[in-house]
Protein chains: 2
Amino acid sequence: MSGLSIGQVAERTGLSVHTLRFYEREGLLAKPVRRGTAGHRVYSEGDVDWLGVCIRLRASGMPLTDIRRYTELVRAGQGNEVERLQVLREHRERVLAQMHELNECLKLITHKVAVYEGRLGLRDNVTDCAP
Amino acid sequence: MSGLSIGQVAERTGLSVHTLRFYEREGLLAKPVRRGTAGHRVYSEGDVDWLGVCIRLRASGMPLTDIRRYTELVRAGQGNEVERLQVLREHRERVLAQMHELNECLKLITHKVAVYEGRLGLRDNVTDCAP
DNA sequence: GTAGAATCTAGAGCCGACTCTAGGTCAAAC
DNA sequence: GTTTGACCTAGAGTCGGCTCTAGATTCTAC
């Protein structure tokens, strides 16, 4: 598949061109991005896919250093599957914990929303049992 | 009931005393904390409960400025329930979006974990269909 | 009454994750 | 042939959310 300019990748991924360069500097890309004429970056579809993974990991709260670590393992090639698994499993635990926390928060908010709706008479009255 | 020192509150909430003072400066407490002899803070159970709410909101990604805004509404007393509801509903939307995102991430990780387990022969072989 | 721990204020420092600036190269459109 | 716009590098700046320091005061236990 052809090759994409940094601007095109920015558009596709939703990251800014600044952030794309920053991520590269930070070692988040599996392989150094290919360069075309005049040193311009040329991204492959694979690069974009990998960025998609990074974005997901970031969105779920994985710090850049951990993503870099994982990337380094992938870059190093076969033989370190155990470490990769460890990174992934640890992150999965954090994600699950975070989901649990979000659920608790959701309960709190839903309760409070019900209380205020009650006060406003939008629904049957509900009495607040703080907090 | 009595009253709690900042150190005791730190222990109960898991926040540091630094953070407790910081939160107060930032206007996150519903009412200014009572002061005892020599100006030492004396927290009520209500203060601790409110801090619990703040902690939940923070843990679910609400920025301090939004928590302050909500706190100000509560402090202002009755009559602004509509605005409070708005703040809460908006945050609920963000929380739901975040949960959705986390779920997507979880799927990705679970898939990758399965792939690596497969490669390691811990389970039946699974072939990776990138990304 | 004195040592050591806890508290106070004001303000500086730090960290992660971007975000932007300055100054420059290059290609294509007019 | 020059202007416009996308791209380049290196490095500085910003922002949110803490976290810590300094220097003073006060409580607690001996």
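Q: How many nonpolar, polar and charged residues does the surface near DNA strand D have?
A: In this predicted model, local features need pLDDT of at least 70 and side-chain atom pairs count only at pLDDT 80 or more, while totals for chains, interfaces and linings use all residues. Ala, Val, Leu, Ile, Met, Phe, Trp, Tyr, Cys and Pro count as nonpolar, Asp, Glu, Lys and Arg as charged, and the others, Gly among them, as polar. By these classes, the surface near DNA strand D has six nonpolar, seven polar and six charged residues.

Q: At what distance does a phosphate oxygen of DNA strand D lie from an N or O atom in the side chain of A:Arg21?
A: A polar contact is a pair of N or O atoms within 3.5 Å. For B:Thr37, a polar side-chain atom is 2.8 Å from a phosphate oxygen of DNA strand D. For A:Arg21, the distance from a side-chain N or O atom to a phosphate oxygen is 2.7 Å.

Q: Which helix gives the most to the surface near DNA strand D?
A: Helices are DSSP runs (H or I, at least four residues), numbered from the N terminus. With five residues, the element that gives the most is helix 2 of chain B.

Note on methods
Residues numbered from 1 in each chain as written. Chains lettered and ligands numbered in written order. Heavy atoms only, no water. Polar contact = N/O pair within 3.5 Å; in protein donor to acceptor, adjacent residues only side chain to side chain. Helix = DSSP H or I, 4+ residues; strand = E, 2+ residues; numbered from the N terminus.
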